[in-house]
Amino acid sequence: QVQLVESGGGSVQPGGSLRLSCAGSGSLFRSYSMGWYRQAPGKQRELVAAITAAGTPNYVDSMKGRFSISRDNAKNTVYLQMSSLQAEDTAVYYCTAGRTTFNFYQPAYWGQGTQVAVSS
């Protein structure tokens, strides 16, 4: 079992940046792939980025260049650095822990989510 707690969400102006953090519990944290999902109002939840246990990041094509995922296993923490934020990035962002098989990430555990609002 892994418990995940996100932080770092908030309000930001268009063009701004935010860094989300996700603290995980348990000694097995480093064995999990980690991923960030988001769900905008009225839309389906979508994968933003994932990172394998070995630290290899993977991004949804539309997120490449603006979002960066990283992890610090010593701190049981995964990060999502977001830059050049636009209104369409407004969503609840969820941290997940799961497994990656043949480059396909499947989440097993979810955090409670953190709200990101981009507006002027």
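Is Arg38 buried or exposed, judged by relative accessibility? Arg38 counts as buried, at 9% relative accessibility. Here buried means under 20% relative accessible area, exposed means over 50%, and partly exposed lies in between (1.4 Å probe, protein chains only).

This is a predicted model, in which local features need pLDDT of at least 70, side-chain atom pairs count only at pLDDT 80 or more, and totals for chains, interfaces and linings use all residues. Residues are numbered from 1 along each chain as its sequence is written, and side-chain values use heavy atoms, with hydrogens and water left out.

1. **Arg38 and its partners.** A salt bridge here is a side-chain nitrogen of Lys or Arg within 4 Å of a carboxyl oxygen of Asp or Glu. Arg38 makes one with Glu46, with the closest N and O atoms 2.7 Å apart. Glu46 is partly exposed, at 33% relative accessibility. Arg38 also forms a salt bridge with Asp89, where the closest N and O atoms are 2.9 Å apart. Asp89 sits in the loop between β8 and β9, while Arg38 is in strand β4 (residues 33-39), so this pair ties together parts that are 51 residues apart in sequence. Both Asp89 and Arg38 are buried. Through shared partners, salt bridges join Arg38, Glu46, Arg66 and Asp89 into one network.

2. **The count, and an exposed pair.** The rule gives four salt bridges. One of them links the side chains of Lys64 and Asp61, at 3.2 Å from N to O. Lys64 and Asp61 are both exposed.

3. Strands are DSSP runs (E, at least two residues), numbered from the N terminus. Four of them form an open sheet, in the order β1-β3-β8-β7, with antiparallel pairing. β1 (4-7) and β7 stand at the edges with a single partner strand each, so one side of each has no neighbour in the sheet. The twist averages 15° from one strand to the next. Axes for such angles are lines fitted to C-alpha atoms, and angles run from 0 to 180 degrees between N-to-C directions. Two strands pair if DSSP finds at least two bridges between them. β1 and β3 are joined by four bridges. In this part of the model, Glu6 stands opposite Cys22 in β3.

4. **The core.** A nonpolar core is a set of buried Ala, Val, Leu, Ile, Met, Phe, Trp, Tyr and Cys residues joined through side-chain atoms within 4.5 Å. The largest one has 27 residues. Met34, Trp36, Leu80, Met82 and Tyr93 have the most contacts inside it. At least two residues each come from β3 (18-24), β4, β5 (46-51), β7 (67-72), β8, β9 and β11 (114-118). β9 supplies the largest share, four residues.

5. **Asn73.** This residue lies in the loop between β7 and β8. A polar contact of 2.9 Å joins the side chains of Asn73 and Arg71. Such a contact is a pair of N or O atoms within 3.5 Å; within protein, one must be able to donate a hydrogen and the other to accept it, and residues adjacent in sequence count only if both atoms are side-chain atoms. Leaving aside residues up to four places away in sequence, Asn73 touches Phe29, Arg30 and Ala53. Contact means heavy atoms within 4.5 Å.

6. **Positive phi in two loops.** Ser84 is not a glycine, yet has a positive phi of about 50°. Ser84 is found in the loop between β8 (77-82) and β9 (91-101). Its relative accessible area is 37%, which is partly exposed. Asn103 also has a positive phi, near 65°. Asn103 lies in the loop between β9 and β10 (104-110). Asn103 is exposed, with a relative accessible area of 70%.
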